[in-house]
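The sequence and the structure are shown first.

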Amino acid sequence: MLAALLASAASSGRDLANASAWAVFLVGAAMILTGAFGVILLRNPVHCALMLIITLFGVALEFIDQSADFLAAVQIIVYAGAVVIVFLFVIMFLGVDRREAAGPEATKFQKPLALILGVVALIEILILSGVTKWVSGQPSVAGALNGPGENVQKLGQSIYTRYLLPFEMTAALLVIAVVSAVVLSRRRQPSASELSSTEQEHLAAGEREPQ
Amino acid sequence: MTVPGAWYLVLAAVLFGLGATGLLIRRNVLVMFMCVELMLNAVNLTFVTFARLLNDVGGQASVFFVLVVAAAEVVVGLAIIVAMFRRRAAATADDIHALKG
């Protein structure tokens with residue numbers, strides 16, 4: 001949308017739009033890579049979460065560069081606004097930042113092996129995409145995207161007509177997730193003041209066994 | 001909108017590779033979770049790119065659903081991590097067996 005705005009504003013037209021699209025792409029790419037390396041390399045989980053925000057904003061920039069306005073907004077609101085905040089909340093709540101990197105390595109060569117595996121996976125993806133065509137397939141199966149009209153309207157119409165059943169299933173999924181979160185984080189035992197002394201002893205004996 | 005789609009796809013592939021590497025390298029479960037988010041974002045970027053290249057609104061609808069699933073996944077995953085902390089004050093991937101029933 002930024003590129004489109006600049007394009008409409010520029011009297012010279014195509015050159016400036018082209019340059020601005022590239023600029024947005026490069027800035028977004030730099031943010032994405034900086035944030036991704038930060039998440040992988042930094043020791044403190046709080047710093048990792050903040051680096052994740054940089055990556056998510058970079059991805060939102062790339063969405064804007066490709067005229068996915070609604071998804072860019074949702075990306076920032078849902079990811080940077082909700083998911084990362086929940087991450088930070090859990091980190092602060094549990095005090096994980098103080099206990100990082102304690103204990104011996106479980107597997108001796110975990111890091112070099114992981115590095116090799118990651119690089120091999122990356123090279124595989126790039127080679128696979130290099131030997132095949134980048135884009136193949138039927139265009140506009142679920143409806144045209146690039147024509148005139150608002151991005152939000154097209155996306156909304158698609159979700160509420162063609163993708164109505166998946167949409168309702170995501171609603172059910174969210175409810176299930178909320179219920180499961182409550183069940184998982186609920187404390188099982190009632191408060192000690194509500195129990196008699198024998199019940200308390202019973203509870204203490206039961207607590208030592210793994211459930 | 002003049003950046004070729006291949007650039008976005010390469011960027012998404014690199015981001016996915018970085019996320020996978022981080023998932024394998026790190027032992028802190030929270031950071032491993034963040035690396036999963038990186039991989040999900042890489043896939044979202046490819047979805048949006050293909051939606052533009054193929055002129056298909058289905059790609060963007062898929063990103064919408066991936067966002068919802070990612071949010072649900074974070075809710076459940078963090079609840080599991082909190083439960084893990086209740087049993088044992090550590091958050092490495094090796095401590096998950098503390099949740100054995």
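## Helix packing in chain A

α3(A) and α4(A) are roughly antiparallel to each other, because the angle between them falls in the range over 145 degrees. The model is a predicted one. In it, helix α3 (residues 45-65) of chain A packs against helix α4 (residues 69-94) of chain A at an angle of about 175°, and their axes are 9 Å apart.

On the α3(A) side, the residues that meet α4(A) are A:P45, A:V46, A:A49, A:L52, A:I53, A:L56, A:F57, A:V59, A:A60, A:F63 and A:I64. Their counterparts in α4(A) are A:D69, A:L71, A:A72, A:Q75, A:I76, A:Y79, A:A80, A:V84, A:F87, A:L88 and A:I91. Sorted by class, the contact of α3(A) with α4(A) comprises 20 nonpolar residues, one polar and one charged.

## Helix α2 of chain A

Helix α2 of chain A covers residues 14-41, which is 28 residues. From its first C-alpha to its last, α2(A) reaches 40 Å, close to the 40 Å expected at 1.5 Å a residue.

Which residues of α2(A) are buried? They are A:A17, A:S20, A:A21, A:F25, A:G28, A:A29, A:M31, A:I32, A:G35, A:A36, A:V39 and A:I40.

## Fold and dimensions of chain B

Chain B contains three helices and zero strands, and along the sequence its pattern reads α-α-α. The radius of gyration of chain B is 17 Å, well over the 13 Å that the globule rule gives for 101 residues, so chain B is more spread out than a compact globule. The C-alpha trace of chain B spans about 55 × 25 × 15 Å along its principal axes.

Of the 101 residues in chain B, 59% count as buried. When contacts in chain B between residues at least 6 apart in sequence are considered, 43% of them join residues at least 24 apart.

## Contact between chains A and B

How many residues does the contact take from each chain? Chain A contributes 78 residues and chain B contributes 69 residues. On the side of chain B that touches chain A, at least two residues come from each of α1 (5-25), α2 (29-53) and α3 (57-87) of chain B. The most is given by α3(B), with 22 residues.

By class, the residues on the side of chain B that touches chain A divide into 49 nonpolar, 15 polar and five charged.

Notes:
Residues are numbered from 1 along each chain as its sequence is written. Chains are lettered from A and ligands numbered from 1 in the order in which they are written. This is a predicted model: local features need pLDDT of at least 70, side-chain atom pairs count only at pLDDT 80 or more; totals for chains, interfaces and linings use all residues. Helices (H or I, at least four residues) and strands (E, at least two) are DSSP runs, numbered from the N terminus. The expected span of a helix is 1.5 Å times one less than its number of residues. A residue is buried if 20 or more other C-beta atoms lie within 10 Å of its own, exposed if 12 or fewer, and partly exposed in between; C-beta atoms are placed from the backbone. Two residues are in contact if their C-beta atoms, placed from the backbone, lie within 7 Å. Ala, Val, Leu, Ile, Met, Phe, Trp, Tyr, Cys and Pro count as nonpolar, Asp, Glu, Lys and Arg as charged, and the others, Gly among them, as polar. The radius of gyration is taken over C-alpha atoms; the globule rule is 2.2 Å times the number of residues to the power 0.38. Axes are lines fitted to C-alpha atoms, for helices over the stretch in contact, and angles run from 0 to 180 degrees between N-to-C directions. Angles under 35 degrees count as roughly parallel, over 145 as roughly antiparallel, 65 to 115 as roughly perpendicular and the rest as oblique.
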